[in-house]
Every structure is written in C-alpha cells, then in structure tokens.
Amino acid sequence: MVSVGALRAHLEATGLAGKVGTPREKSLSSYRLFAARDPRLTLGLDPQGAWDVPELLRLMADRCGVSPDPAHTSGQEAIDPDCTVAALDAFAERLARAARDRIPILLGTGHPHRLLGFYASLAAALSAAGCVVLTPAYGPGVDMRTQFGVRRHLLRYVGGVAVVRPAATEGDDGPVEPGAHTHSPLPVRAALAAAAEDGGMLPGLVVGDHGFVCGAGQLGVEAIGLADCDDPAVFVAEAEGSVSVAVPVDDAVRSDYYRPLTRYVLKRAWLSQ
C-alpha cells in the first residue's frame, strides 16, 4: 500500500501538489471569469452564491492551499499536499460505499490524455466489486464550442470512461486519440438524458472532472472528482453541496504520475488486494 508519507512525497516530487505548473496569473484570471459567470469557467454549474473574486480566493485557499494574498499576482501556484491527501481519503471513502451498495456509476473525463488511466482503473475495480459501470448515449453528437467555433463531437467510452472525440476525426486512418480536452457539461448531460430514456438505469454517482462533475451535480446527481487550482467551479460546487468531494491536484502532469494516487485510492476503498 502507498503510505500517506510516500504519497505526500510523490505529490510534491511530481508537481501534482506543492508547487504546481499552474501560473498564479492563470488562477486569478479563472477566478475573475468565474465571478463574471463565464460559462467556460462555470462548467455547467449555476452557483447559488454571489462568489466574487475575494470570496473565491478565500475558498480556494481553504480547499486547495493557494495563497490567500490578493497581492500575490504572479509566479508559480501551489496546492497544499495535505489538502490533496485529505480529499483523496474522502474520495476513497465514497467509492467504498458505492462498491458496498453496488450502485450504478458513470465515469467521465475532460482530460483523457492525462487522467483516462486513473478513471479507467476505478471503473475496472468498481465493476469487479459488482457496480454497474454505465455507458449511455454511446455515439450521439454533441455540439461544443472550441477555439475554432462550434464543432460536432461524439460521446465515446474508453475503459468504461466517457470521453468526447471530434466527429471529423472518426474514420481517420491515423492513431485513435483517447479523446478531446473539454470543460463542457454537455457530454454528461447527453449521457444522463440517454440513461433516463425509457426508464433506463441512472447513475447513483458520477466520477470525473470539469463539466462531468459540475454538470452532474447541477442536475442533482451526486458527483466526486479531481480539480486543479484554476477550476474554481468544482470547489464552489463542493462548498454549496452539489459536488460531494473535490480533490485538489494538478490535472495536467504526465499520466503515469497519477498511478500512485490510483493505488492509494483503491487500497483505501478496499477495492484492490
């Protein structure tokens, strides 16, 4: 088992926590855009509170460990490893209850190049424990805004994890990408709508990031997931009760750096030998 001390050291050594790759300027910009209710930062959440920039900064300092000083406007951002470990413990505890109760689970990621392996390992372990890992709405088109304008994307499942792929790449002869980076809540809305059709099975828990957790939480489906320190929506959703657990962690490091987190969570959740 990965010990707490070893996990904490790993978080800091790899930049998953401690000093992370996110610039302070980017975090502050994200907080300003969220306060202005920019949909690129609200991730499908309709916040209950006003959440101006000072409130967001206090929240993110409490939940992530970023500097609470508004005069700190540049440099490298920081995530408190103790916040990450505590949230991973809560994350694992919720997975353990899901496995015990064998509730249906929906998993999805907007960071497939980094986090697909993390979520796919959870999907496999939950399935082995008797949970139904849902894959509704396989294939329907979702029109999402990109830097090139609105483009059609297709909902796909890789290892039991929902991702979206640009429709234009379907049928290409080149290597198949795991999926596109997205903050949009539209994929989880499509998946939940499909699950509800004709009395289909609905998830008792959504596990993921970005719009997958905020979009699900906004619709009243319990959600847990990972979030970077420049993703305030997930932590606001947690503070307001629409997301159960938000784990602060850099979401853009090498995919293999998340493997010790996977082992730690699965052991804590009693989902691995």
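Student: In this predicted model, is Phe 118 buried or exposed?
Tutor: The cut-off for a buried residue is under 20% relative accessible area. Phe 118 has a relative accessible area of 2%. By that cut-off, Phe 118 is buried.

Student: How many residues apart are Phe 91 and Phe 118, and where does each one lie?
Tutor: Phe 91 belongs to helix H5, residues 81-101, and Phe 118 to helix H6, residues 112-128. The pair therefore links distant parts of the chain, at a separation of 27 residues.

Student: What is the geometry of the pair formed by Phe 118 and Tyr 119?
Tutor: Ring planes over 60 degrees apart count as edge-to-face. For Phe 118 and Tyr 119 the angle is 75 degrees, with 5.2 Å centre to centre. The pair is edge-to-face.

Student: Which residues make up the cluster linked by ring pairs?
Tutor: Phe 91 is buried at 0% relative accessible area, and Tyr 119 is buried at 0%. The cluster consists of Phe 91, Phe 118 and Tyr 119.

Student: How many residues are in the largest nonpolar core?
Tutor: Nonpolar side chains tend to be buried together in soluble globular proteins. Here, the residues with the most contacts inside the largest core are Phe 91, Leu 95, Ile 105, Tyr 119, Leu 122, Val 207 and Leu 261. The number of residues in this core is 86.

Student: What does Leu 261 contact, leaving aside its neighbours within four places in sequence?
Tutor: Leu 261 is listed with the residues that have the most contacts inside the largest nonpolar core. With the neighbours within four places set aside, its contacts are Leu 7, His 10, Leu 11, Leu 16, Leu 88, Phe 118 and Val 249.

Student: Why do the buried residues of H2 lie on the same side of the helix?
Tutor: The buried residues of H2 are Arg 24, Ser 27, Leu 28, Ser 30, Tyr 31 and Phe 34. They lie on the same side because they cover an arc around the axis of only 155 degrees.

Student: Which elements do the buried residues of H2 pack against?
Tutor: H2 spans residues 24-35 and reaches 17 Å from its first C-alpha to its last, close to the expected 16 Å. Its buried residues pack against strands E1 and E2, and helices H3, H4 and H9.

Student: In E2, what is the bridge partner of Pro 23?
Tutor: E1 and E2 pair in the antiparallel sense, over 3 bridges. E2 has a covered face with Glu 77 and Ile 79, and an uncovered face with Gln 76 and Ala 78. The bridge partner of Pro 23 in E2 is Gln 76.

Student: Which residues does Thr 182 touch, not counting residues up to four places away in sequence?
Tutor: Thr 182 lies in the loop between strand E6 and helix H7. At 8% relative accessibility, Thr 182 counts as buried. Beyond four places in sequence, Thr 182 touches Gly 110, Met 144, Val 164 and His 210.

Student: What is the phi of Arg 102?
Tutor: Most residues other than glycine have a negative phi. Arg 102 lies in the loop between H5 and E3 and counts as exposed at 57% relative accessibility. Although not a glycine, Arg 102 has a positive phi of about 50 degrees.

Student: Is Trp 270 buried or exposed?
Tutor: Trp 270 is found in the segment after helix H10, and its phi is positive, near 60 degrees. Its relative accessibility is 77%, and the cut-off for exposed is over 50%. Trp 270 is therefore exposed.

Key
Residues numbered from 1 in each chain as written. Predicted model: local features only at pLDDT ≥ 70, side-chain atom pairs only at ≥ 80, totals over all residues. Heavy atoms only, no water. Helix = DSSP H or I, 4+ residues; strand = E, 2+ residues; numbered from the N terminus. Buried < 20%, exposed > 50% of the residue type's maximum accessible area, 1.4 Å probe, protein only. Phe/Tyr/Trp six-rings, centres within 6.5 Å; stacked < 30°, edge-to-face > 60°. Expected span 1.5 Å × (residues − 1). Arc of directions from axis to C-beta. Contact = heavy atoms within 4.5 Å. Core = buried A, V, L, I, M, F, W, Y, C linked by side-chain atoms within 4.5 Å. Pairing = 2+ DSSP bridges.
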